[in-house]
Amino acid sequence: MRCIIALLAWLTSSALVLGAEAGKPTDFVSVMGPIMDNLRSAASYARTGSIALAQMETDAAATTWKRLEPNASGPLPAYAPAALAEFLGDGGERLAAATRALDGGDNVAAGRELLALRRSFHELRRRSGLYDLGDCVFEIAPAMEKLRVAATRYGQQPAQAYAEETVAAASAFRDRLQRCNEWASTEIAGQGEFRRLIDGAIASSGEIAHAAMAGEGPLVHRYLIELQSYAQLLDFRYG
């Protein structure tokens with residue numbers, strides 16, 4: 001199985017590697033795109049316990065990561081050299097740690113390392129004055145976690161104070177979703193998949209608030225599960 005995974009990872013990254021062998025300068029942005037795709041997929045697979053598939057994605061990311069050595073990269077005017085060097089050093093260690101965790105069957109630890117690596121990339125972009133839909137979608141997770149905590153607390157004890165906490169968290173989550181909708185390019189905003197996910201999440205964030213104020217505990221739980229699915233799918237496709 002490990003040999004098959006390694007072969008698939010090699011095939012996934014072969015086009016990038018061949019470009020490097022041809023002497024083409026490394027474009028940090030274009031190379032990080034596939035790496036982030038790999039990391040998102042690996043995190044999703046790790047979360048569901050699909051370790052073999054997560055290994056395939058981290059192996060592909062590790063292969064491509066080798067092209068991101070500071071002395072091999074082309075001009076990077078948007079990134080401060082010190083910040084970039086820190087990202088590459090720490091990121092390489094986190095990717096290796098995630099790989100070791102997966103090799104040991106610890107998908108939880110691997111998920112933590114993958115999340116930390118993805119967060120560090122978004123922090124690098126923010127420190128460099130860069131921001132787009134992917135950054136916005138990545139920032140959905142903390143708002144979703146606050147809503148999860150509030151809704152769970154309400155489910156355990158449906159007091160008025162906890163209902164109001166759930167409503168406030170749902171409102172903050174909805175605001176984040178609407179902001180991401182505004183950050184979507186015209187092309188993405190018009191995609192049926194994006195519209196289903198973002199519009200569905202916005203609608204359900206309103207419904208969970210109404211359910212909490214109406215004292216409908218089972219409905220709150222149902223909408224919470226629905227919103228978690230929306231958040232995960234948005235992250236998987238656009239984060």
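Me: What does the secondary structure of the protein come to?
Reply: The protein has eleven helices and zero strands; helices (H or I, at least four residues) and strands (E, at least two) are DSSP runs, numbered from the N terminus. This is a predicted model, in which local features need pLDDT of at least 70 and side-chain atom pairs count only at pLDDT 80 or more, while totals for chains, interfaces and linings use all residues. Residues are numbered from 1 along each chain as its sequence is written, and side-chain values use heavy atoms, with hydrogens and water left out.

Me: How many residues are there, and what percentage count as buried?
Reply: The protein has 239 residues, and 43% of them count as buried. Buried means under 20% relative accessible area, exposed over 50%, and partly exposed in between (1.4 Å probe, protein chains only).

Me: And what is the accessible surface?
Reply: The accessible surface of the protein is about 12,100 Å², with 56% belonging to carbon and sulfur atoms. Accessible areas come from the Shrake-Rupley method with a 1.4 Å probe; for residues, only the protein chains shown count as cover.

Me: What share of the contacts join residues at least 24 apart?
Reply: Among contacts between residues at least 6 apart in sequence, that share is 71%. Contact means heavy atoms within 4.5 Å.

Me: Turning to packing, at what angle do α2 and α3 cross?
Reply: Helix α2 (residues 28-47) and helix α3 (residues 51-65) cross at roughly 160 degrees, and their axes come within 8 Å. Axes are lines fitted to C-alpha atoms, for helices over the stretch in contact, and angles run from 0 to 180 degrees between N-to-C directions. The two helices are therefore roughly antiparallel to each other; angles under 35 degrees count as roughly parallel, over 145 as roughly antiparallel, 65 to 115 as roughly perpendicular and the rest as oblique.

Me: Left-handed or right-handed, and which residues make the contact?
Reply: The crossing of α2 past α3 is left-handed, which is to say that the near helix is turned anticlockwise from the far one by less than a right angle, and right-handed if clockwise. Residues making the contact include Ile35, Leu39 and Tyr45 of α2 and Leu53, Glu57 and Trp65 of α3. By class, the contact divides into twelve nonpolar, four polar and one charged residue. Ala, Val, Leu, Ile, Met, Phe, Trp, Tyr, Cys and Pro count as nonpolar, Asp, Glu, Lys and Arg as charged, and the others, Gly among them, as polar.

Me: How do α7 and α11 pack?
Reply: Helix α7 (residues 140-156) and helix α11 (residues 217-238) pack at about 165 degrees, with axes 10 Å apart. That angle makes α7 roughly antiparallel to α11. Their crossing is left-handed, and the contact residues include Met144 and Arg148 of α7 and Leu224 and Gln228 of α11. These contact residues divide into ten nonpolar, three polar and one charged.

Me: What about Ser120?
Reply: Ser120 lies in helix α5 (residues 107-127) and, at 11% relative accessibility, counts as buried. Beyond its neighbours within four places in sequence, Ser120 is in contact with Phe87 and Arg94.
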